[in-house]
Amino acid sequence: MPKKNVSFRDGVIIRVVKKHDLIIEFLVKETTKMEKVKNKFAEELGVDKSHLCFIYKDRFIAHDDTAQTLGLHHRDEITVLSLEQAEPGVYDLVGLD
């Protein structure tokens with residue numbers, strides 16, 4: 001099957017980064033819900049997406065956000081932090097430098 005030529009008119013490439021050890025780039029349409037990106041990233045890590053927190057410009061990303069609503073541009077980075085249980089009912093965000 002021949003590869004499809006993709007132009008940036010089809011969408012934007014975003015980088016999803018987890019503490020410098022994992023970077024995955026996604027080509028998404030401006031109207032694609034971030035839930036799809038979250039699901040695919042979690043699948044690549046082999047973890048439940050509920051254990052991950054996605055942040056862009058100090059803002060938590062909701063499932064129904066899109067590249068357009070977030071103002072994402074070509075090669076913008078989304079940071080991913082892990083939620084880890086510190087004690088019963090208390091969670092810490094892990095992955096900050």
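Q: Which residue of β6 is the bridge partner of Leu83?
A: Two strands pair if DSSP finds at least two bridges between them; strands (E, at least two residues) and helices (H or I, at least four) are DSSP runs, numbered from the N terminus. Here Leu83 has Leu93 as its bridge partner in β6. The pairing of β5 with β6 (residues 90-94) is antiparallel and runs over five bridges. The two strands form a hairpin with two residues between them, and Gly89 in the turn has a positive phi of about 85 degrees.

Q: On what kind of model do these values rest?
A: This is a predicted model, in which local features need pLDDT of at least 70 and side-chain atom pairs count only at pLDDT 80 or more, while totals for chains, interfaces and linings use all residues. Residues are numbered from 1 along each chain as its sequence is written, and side-chain values use heavy atoms, with hydrogens and water left out.

Q: How many aromatic pairs does the structure hold?
A: Rings of Phe, Tyr and Trp (its six-membered ring) pair if their centres lie within 6.5 Å; planes under 30 degrees apart count as stacked, over 60 as edge-to-face and the rest as tilted. The structure holds one such pair.

Q: Are Phe41 and Phe54 buried or exposed?
A: Buried means under 20% relative accessible area, exposed over 50%, and partly exposed in between (1.4 Å probe, protein chains only). Both Phe41 and Phe54 are buried.

Q: Which residues of α1 are buried, and why do they line one face of the helix?
A: The buried residues of α1 are Met34, Val37, Lys38, Phe41 and Ala42. Seen down the helix axis, they fall within an arc of 125 degrees, so they line one face of α1; the arc is that of the directions from the axis to the C-beta atoms. The face turned away from this buried side carries the exposed residues Lys36 and Glu43.
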